[in-house]
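Have the model open beside you as you read.

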Amino acid sequence: MKISLNWLSDYVDISGISLDSIVDKISKAGLEVEEVIDQRKAFEKMLVGFVKEAKKHPNADKLSLCIVNDGNEDFNVVCGAPNVAAGQKVAFAKVGAIIPSNGLKLEKVKIRGEFSFGMICSEKELGIGENHEGILVLDPHLKEGTSLADALGMNDIVIDVAITPNRADALSHIGFARDFAAIFKRKFHYPKIELNESGKKSSDVAKVEIIDPEKCPRYVGKVVSGVTIKESPEWLKKKLKSIGLRPINNVVDVTNFVLYEVGQPLHAFDLDNLAGNKIVVKCANEGEKFVTLDSKERVLSASDLMICDAVKNVAIAGVMGGENSEVTEKTKNILIESAFFNPSSIRKTAKRLGLSTDASFRFERGTDYNITLWAARRAAQLIKETAGGEILNGEIDAYPSPFGIRKTSVRFNRINKILGYKIEREEVVSILKDLGFTIEEVDSEKITVGIPGYRHDVEREIDLIEEVARVYGYDKIPDIINVSVTLDEKIDQANFNDRVRNKLNSLGFYEIITNSLLNAEIAEKFGYPIKVLNPQSSEMSHLRPSMLPGLLQSVSNNLKVSEKNLKFFEIGKTFERKNDKEIFSFEDFHEIDNLIIGLSGYSIQTEWFDKDKPYDFYDLKGMVESILRTVLPGTGYLIQDANHSNFDLCFSLSIQNVTIGIGGKVKETLLKLFDVNQDIYAFIINLDKLRAVKPAEKVFTELLKFPKVYRDVAFILDKTVRSDKVIEIIKQASSNLLHQIKLFDIFQSDSLGEGKKSLAFQLEFYNAERTLTENEIEKDFRNIIKSVEKNFNAQLRGN
């Protein structure tokens, strides 16, 4: 946002404040100054010159030899312009001056045998216009020697301010002046509006109907009739040029002026081109076309808000007007539009159309719904001054549901606690009042204020504290001499995740980081996703309910560039509603810290010593167990069969009777969704639950002094019998001499019988205090065999 200091002085007294002080304090208050443009510097060593004599160059037909006086002495100047003549006041650039249009530094030169000590400039050479057919002839009443910057009115200082998205109120000179006045303790005022209105009412010649009040809560129309469209007066053109705008005509220039004066976008319609002299605010029909002021045809959506007359569209609300109702030289009657549009609606339309304008830039950040009436009146006043005509009495103010006054309070002791130093109550009240907040109630503990319509960013107590702090001055925060440092042990919240990350890196996994936003179609296939209120696009409309889509997309992307052997992991958050109902509180959804690992392709590729081996279920299981042994060494866990809608060959991980994770072979239907043509094995671990597990205490175990005894046993059982159930029965049937059970073989064959399989176990026996006898071992071994045979109708293999 460019701010002209000359323009700014219309609303607040800036005298006696240095430029350095303005830049420093404004930047510290949150309106960062990016650039300072001193227009005088562009015209250094340039002044008003008087052409005392102009005669033909003796050695060139198209050149003139002039004598130019700068108020003190005469200079010979060679000039090639056809319109130079004696007696003119001209823009004279002396030796050493730098020409704005091309950066040329003037020197004493000899042209066709004659010395030239400067240059008589054209508009284009000075960078103030496009005319370069002749020199710029100045007002004859100007005194020679006058600074050219003063003569042209180019003596302004313009500061370019970076306005953050939450401070739409500062996107105007009045908005900036309000902050300026509060910071420097100066009086701030709005321009005085005096309207000499006719007896005829605006509402008699025009009507406004709002069909969609949600997207257009307020629409003000005001009529000025009998205008003459012409060039704007110099004062208006200078104001607009000072901030880089190109003057067009008096009416359009007034609407642009008010936009940059108070921040309210306006639009001027040719009233005679509005069918039925009526404005209708409604949404477009899907797919209909509309030609905007830039002569481009736009295809509209049913969500786009339009300004229409009785039969046709005349503008895209808050974005750009249409060619069919623009102000031309023939325009006589003007309808001024001053409205408040829903920021979300304008943002979506502007983004979809790829059309960003000064108006949409402000509307999508939120304008002041209380300034619309004032802005319409201000524009009417200036149009009458610059274009003549008469201002019709009153306005058409369509305002179906007026906004109430928003209020909030701030506690004085809270200000002191948050900032760490004391600000007097009187100072707090003064700052908030200077910023436009209305003081509703003040007592010894707190102040209650009404929030102005232009401050959409202020909602809570903390927001008011920020306002007080930035205006009071962050530079006034006192220095702290003594700093207390606690010696308590610090808890590194990221340490657990880092240990997981380091382990996976050591196992050859690559970390991926994927987008936590998904489109609705994908998100709904993985749970109950949470919809984003104002998504940037339809592809990022929902928060991810699972880490799996990101992994599948990453695998898909790699496969497309022939990277087929993949080991990925990601640590991130997932967000999911607890059911299919809407969210009303934090209790209605889960936010979980997750880890996902994925394997795809071959773990071993063909070598002279080995053949291809694709990743399988057991590779995945081994990786999961390896992670657990690293982050929770010595802690028991249970891996068992499970069912999940996203996985085949599914298994779950439990610790202390709490399910920590689940995974397996990703279903083919999901692979096809992401255009993946090879198997993927994935496992998802809830890191919040895993982190909450108390690790087993480390206990020193003395080296065993007595020998271990091993027995192998194989049973023929039904195929449906699970190995973990058999192990459970073996544990129940044995004594405390049995310390470990290992399944080392699974065999299936028709020779065993139909529907049968063989499970072979290795049993480990020992006693830490003595050597076992053969009878003890044999007794335990026989009890185990009998128990398995009885419970599973099993047969000892080999008998």
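**From cavity to surface**

Seventeen residues, written 17 from here on, line the largest cavity, and those nearest its centre are Asp169, Val262, Gly263, Asp368 and Tyr454. Keep in mind that you're looking at a predicted model. The volume of this largest cavity comes to about 160 Å³, and the structure has one cavity of 30 Å³ or more. Helix α5, residues 173-184, gives the largest share of the cavity's lining, with three residues. Sort the cavity lining by class and you get seven nonpolar, six polar and four charged residues.

Now for the open space. The largest pocket holds about 1300 Å³. It's lined by 34 residues, and if you want to find its centre, look for Lys621, Ile639, Ser723, Asp724 and Ile727, which are the closest to it. Several elements each give two or more residues to this lining: the helices α18 (617-631) and α21 (723-733), along with the strands β35 (638-641), β36 (647-655), β40 (738-747) and β41 (756-765). Which element gives the largest share of the pocket's lining? That's β40, with six residues. By class, the pocket lining has 17 nonpolar, nine polar and eight charged residues.

Last stop, the surface. Ile480, Val483 and Val485 make a nonpolar patch there of about 360 Å². To find Val485, go to the loop between α14 (461-472) and α15 (495-506). Is Val485 buried or exposed? It counts as exposed because its relative accessibility is 67%, and the cut-off for exposed is over 50%.

Key:
Residues numbered from 1 in each chain as written. Predicted model: local features only at pLDDT ≥ 70, side-chain atom pairs only at ≥ 80, totals over all residues. Heavy atoms only, no water. Patch = residues over 30% accessible without salt bridge, like charges linked within 9 Å, V, L, I, M, F, W, Y side chains within 5 Å. Areas by Shrake-Rupley, 256 points an atom, 1.4 Å probe, with all protein chains shown as cover. Salt bridge = Lys/Arg side-chain N within 4 Å of Asp/Glu carboxyl O. Helix = DSSP H or I, 4+ residues; strand = E, 2+ residues; numbered from the N terminus. Buried < 20%, exposed > 50% of the residue type's maximum accessible area, 1.4 Å probe, protein only. 1 Å grid on protein atoms, 1.4 Å probe; cavity = no way out; pocket = protein on both sides within 12 Å on 5 of 7 lines; lining within 4 Å. Points joined across faces, edges and corners; volume = space filled by probe spheres on them. Nonpolar A, V, L, I, M, F, W, Y, C, P; charged D, E, K, R; others polar.
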